[in-house]
Amino acid sequence: MHKSPSQNNNCCFICGRVSAPPTPSHSIYGERFYRMELEVPRLSKQMDILPVTVSERLIDANAGMCDRIIAVEGQLRSYNKMVDGHSRLIISVFARSVNAEERYPEDPNRITLDGYVCKPPVYRTTPFHREITDMLLAVNRAYE
């Protein structure tokens, strides 16, 4: 399948265990979307809880998905949400496909972003002495 440039500059593949059942998120043009949480393992075996937005066309929200391992292919999306009177940046995975898995693949998590660095990166050391970089990246997306 040929991907458009907007699909090539924002690609995400994650595999994890559904840790919370899908809950209604929003509807647009008559299509319902759900939010669910995936427990995704790092290489260190620590787990991250990642929010996933998925269309009703891709899942049966009433099928009892908790504790299932699924693979999600899609894009990272962000939006601002008011929380306790403050604007918070919410980052989630927007699913384009969802597939059941028997077990975790060897290297289950990949994210590719191609965009513009909006401000200088900030290099820092975490409390556990890991060196990381924080950066703000703008990735163009075609609105269909």
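**Cysteines and the largest pocket**

C15 is buried, since its relative accessibility is 0%. This value, like the others here, comes from a predicted model. The sulfur of C15 has its closest cysteine sulfur in C12, 12 Å away. That distance is too far for a bond, because a disulfide requires two cysteine sulfur atoms within 2.5 Å. C118 likewise takes part in no disulfide. The cysteine sulfur nearest to that of C118 belongs to C11, at 19 Å. C118 is partly exposed, with 46% relative accessible area. Across the structure, the number of disulfides is zero.

The analysis then turned to open space in the model. The largest pocket has a volume of about 1,300 Å³. Its lining comprises 35 residues. Nearest the centre of this pocket lie L76, I91, S92, I111 and L113.

Six strands each contribute at least two residues to the lining: β1 (10–28), β2 (31–41), β3 (47–55), β4 (69–83), β5 (86–100) and β6 (110–113). β5 supplies the largest share, with four residues.

Methods. Residues are numbered from 1 along each chain as its sequence is written. This is a predicted model: local features need pLDDT of at least 70, side-chain atom pairs count only at pLDDT 80 or more; totals for chains, interfaces and linings use all residues. Side-chain values use heavy atoms; hydrogens and water are left out. Buried means under 20% relative accessible area, exposed over 50%, partly exposed in between (1.4 Å probe, protein chains only). On a 1 Å grid over the protein atoms alone, a cavity is a set of points where a 1.4 Å probe fits but cannot get out, and a pocket is an open set with protein on both sides within 12 Å along at least five of seven lines; lining residues have an atom within 4 Å of a point. Grid points are joined across faces, edges and corners, and a volume is the space filled by probe spheres set on the points.
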